[in-house]
Amino acid sequence: MRTTPVYYYSSTSGLVRSFAERLDRPAFNLAEREHRTAEVDGPWVLLTPSYKTGNDRNDTIPEAVRRFLRPAVNRRLMVGVMGSGNRNFGHHYQMAAREIARRSNRPVLFEFELAGTPWDVEECQRILAALDAALAARHAAA
C-alpha cells in the first residue's frame, strides 16, 4: 500500500517541520526550492501553517505553499489539507488551511496548534493511515 506523502511549509521556527517529521511517512519541506518547484506523481496531503501579520487584508497562506499549488497537477492530486496555527490569531486561526480547502474543494483532515502534542501526532497518523487505505481501495476498484 502506498504511503501518502505530506508536503509542508515550515518557517525557521521549525514547529511544522517537527510535526511533519513525527508522522512516520515521506514529508517534503516546501521551504526547500527542490520540493517547492516539484510536480507530484500521486496523491498527497498539504500541511500548512497560517500566519497573521495584523492586517485583515494580509494573506495567511505562505508564499511557498502558493507557488507549490500553481501547477495544475499539484492541485489536482492534493487529497486533503492539514493546518498548524496559533490560537492567539483569533478568527485567523487555521485560516490558511481552511481557505485552501475551500478553494480546492478538499477536506481539512486535521488541525493542531503550534508543533502539536503527542496526541495530535498519533491522531494525525491514524487519520493518514485511514486515508492511505481508502486511496488503496479506490485504486484497486478502478
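What span should the 24 residues of helix α6 have at 1.5 Å a residue, and how far apart are its end C-alpha atoms? Helix α6 covers residues 118–141 and should span 34 Å, while its end C-alpha atoms are 35 Å apart, so the two values agree. The expected span is taken as 1.5 Å times one less than the number of residues in the helix. Helices (H or I, at least four residues) and strands (E, at least two) are DSSP runs, numbered from the N terminus.

The model is a predicted one, in which local features need pLDDT of at least 70 and side-chain atom pairs count only at pLDDT 80 or more, whereas totals for chains, interfaces and linings use all residues. Residues are numbered from 1 along each chain as its sequence is written, and side-chain values use heavy atoms, with hydrogens and water left out.

An α-helix has 3.6 residues a turn, so residues three or four places apart point the same way.

The largest nonpolar core has 19 residues, of which Val 6, Phe 19, Leu 23, Val 45, Leu 47, Met 82 and Leu 128 touch the most other members. Such a core is a set of buried Ala, Val, Leu, Ile, Met, Phe, Trp, Tyr and Cys residues joined through side-chain atoms within 4.5 Å. At least two residues of this core come from each of β1, α1, β3, β4, β5 and α6, and α6 gives the most, with 6 residues. In soluble globular proteins, nonpolar side chains tend to be buried together. Beyond four places in sequence, Phe 19 touches Leu 47, Phe 110, Phe 112, Ala 115, Gly 116, Asp 120, Val 121 and Cys 124, where contact means heavy atoms within 4.5 Å.

A second, separate core of 17 residues includes Ala 64, Val 65, Phe 68 and Ile 100. Val 65 is found in helix α3 and counts as buried because its relative accessible area is 0%.

The pockets come next. A pocket is an open set of points on a 1 Å grid over the protein atoms alone where a 1.4 Å probe fits, with protein on both sides within 12 Å along at least five of seven lines; lining residues have an atom within 4 Å of a point. About 190 Å³ of space lies in the largest pocket, whose lining consists of Arg 2, Thr 4, Pro 43, Asp 132, Leu 135, Ala 136, Arg 138 and His 139. The second largest pocket holds about 160 Å³ and is lined by Ile 61, Arg 66, Leu 69, Arg 75, Met 78, Ile 100, Arg 103 and Ser 104.

Two loops deserve attention. Arg 25 is found in the loop between α1 and β2 (27–29) and is buried because its relative accessible area is 14%. Not counting residues up to four places away in sequence, Arg 25 touches Thr 3, Thr 4, Val 6, Leu 128, Ala 129 and Asp 132. Asp 24 is found in the loop between α1 and β2 but is exposed, with a relative accessible area of 65%. Asp 24 has a positive phi of about 60° although it is not a glycine. Most residues other than glycine have a negative phi. Leu 114, in the loop between β5 and α6, also is not a glycine and has a positive phi, of about 55°. At 37% relative accessibility, Leu 114 counts as partly exposed. The C-alpha atoms of Leu 114 and Gly 85 are 29 residues apart along the chain and separated by 5.6 Å. Apart from residues up to four places away in sequence, Leu 114 touches Leu 15, Ser 84, Gly 85 and Asn 86.

Note on methods
Points joined across faces, edges and corners; volume = space filled by probe spheres on them. Buried < 20%, exposed > 50% of the residue type's maximum accessible area, 1.4 Å probe, protein only.
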